[in-house]
Amino acid sequence: MNCPNCNQKTNIEKTANQYFLGENSQGIPFFKCEECGNLFYVKEETAYTISRGEKGYRFVPITYGVLEFLVAGTIFYFFGSNIITWIVGGIFLWLGWSSIKIGIWGSQKLIDEMTLDSGVGSSKDATEEWRKINKLE
Amino acid sequence: MIIIFWSILSTVGLLVAMWYLTSIFNPHGRINYPMILWKSIGHIISWILIIIGIASLIALYISTRDLLLFLKILAGILTVVFIVKLKFTPLEMPFNDVMGSLYSEGGLRFGGFQTGEFLEATEPLEKKQPGIREKIVGEAHYLVFWLHKFPEIAFFLGIVFYKNLWTAFLLFIAAFIFEFIRFYLFGSSPFLSGVCRFWNWIEIPAFSIASIILWPEGNFLSVILIVFLIIQGWFDLVATICMLPVRLIGGRIIYKKYGGHCHNMEGTAMNFVINRWRLKLFPTDKFNIDDKSK
């Protein structure tokens, strides 16, 4: 089925599909578009776009970033200077800096997907933006 | 040997007392009495056993001649009594339909909530998770009573730690107002419902033991604890009467802010709990489907 927002083909299987959000109490299935991250539901074989109804907050990834910095600092402080400390602490430093960059420079769409769609896969658009921010492409 | 004998008699007496009180204070009156209480002889036997239990407790105290040993045995007896009580007070609680109104098995009427409305609102939830209605009723029941139990805990801690009646009473009022505000701001909380249920089990032993421990420091606070346990812990009089102005003022503010139904705390608690479970079982219910698909 095509997404009502970007019109690209997307998966609407209810099983083994990380973009299936679940059914509501009336039995209507909800999905997230793999390509653009738009949410939609399917009724009588027609897809309808739906708003998330709330806005993701930027302070969430920034808070995560600060916590990851704290974890990195704790590791460096308590486990001394050795190769494992530098690897593990370095990963936490990188994750912290990445979260803070997303919180400051990420688009609202990326923030929404990261903070509101827990347990659901990221769309291709969001993944691409995340890679750009982290200079991984 | 004599200590074991008195301990067994005390345990039996306290168990009968607990069972008797639960039976006679049920929401449906005499029609719901156990069969043995349908005739006067049942009440007489119960009262004889309760009096023997209390007398045995006194005899136990005299036999031990040691307050610490007595308290240890009393703690053991109360543990047995409250393990038995645990079976009678599960968090899952069946509901009762009384003339169309929704009641919990514990006797709480959920405001203007009708049984039909409740059954309709919980139908998809029951289909998804059978037995959820009992969980919802139990959680809402304890959530409503938490408004009275939390101030009780504050009063108890005020007496135990500050040893001052007025400080304890101020803590009681502050806790009541705090919980009232928390309820309308944050709604249901399975954790607080569980704590309320737990406090129900330990309330009587906690007050009794604190009263015995405080006795040597002057009997005023011990008597206050026991009187408070009876008039608030049992009859809910302090929270119902003394806090009435707070509830009326709070109710008026809630009525102005949220409208007609919300100032009725019992009904609102039921709404909060149903909504919480609905969002837990059907997370996508948070999305508002407008009529574009119709």
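This report describes the domains, annotated segments, helix geometry and chain contact of a predicted model.

## Domains of chain A

Chain A is divided into two parts, with domain 1 covering residues 1-51 and domain 2 covering residues 59-133. Taken over C-alpha atoms, the centres of these two domains of chain A lie 28 Å apart.

Between them, 9 residues of domain 1 of chain A are in contact with 9 residues of domain 2 of chain A. The side of domain 1 of chain A that touches domain 2 of chain A comprises 4 nonpolar, 2 polar and 3 charged residues.

## Annotated segments of chain A

An unreviewed UniProt entry places the feature "transmembrane region" at residues 59-78 and 84-104 of chain A. In the model, residues 59-78 of chain A are 100% helix and 0% strand, with their end C-alpha atoms 28 Å apart. Residues 84-104 of chain A are likewise 100% helix and 0% strand, and the C-alpha atoms at the ends of this segment are separated by 30 Å.

## Helix α1 of chain B

Helix α1 of chain B runs over residues 2-24, and because each residue is taken to contribute 1.5 Å, its 23 residues should span 33 Å, which agrees with the 33 Å between its end C-alpha atoms. The buried residues of α1(B) are B:Trp6, B:Ser7, B:Ser10, B:Thr11, B:Gly13 and B:Leu14.

## Contact between the chains

The contact between the chains takes 12 residues from chain A and 12 residues from chain B. On the side of chain B that touches chain A, the residues divide by class into 5 nonpolar, 3 polar and 4 charged.

How values were computed:
Residues numbered from 1 in each chain as written. Chains lettered and ligands numbered in written order. Predicted model: local features only at pLDDT ≥ 70, side-chain atom pairs only at ≥ 80, totals over all residues. Contact = placed C-beta atoms within 7 Å. Nonpolar A, V, L, I, M, F, W, Y, C, P; charged D, E, K, R; others polar. Helix = DSSP H or I, 4+ residues; strand = E, 2+ residues; numbered from the N terminus. Expected span 1.5 Å × (residues − 1). Buried ≥ 20, exposed ≤ 12 C-beta atoms within 10 Å, placed from the backbone. UniProt positions renumbered as here; feature names shortened; annotations may be inferred. Domains from an automatic or database assignment.
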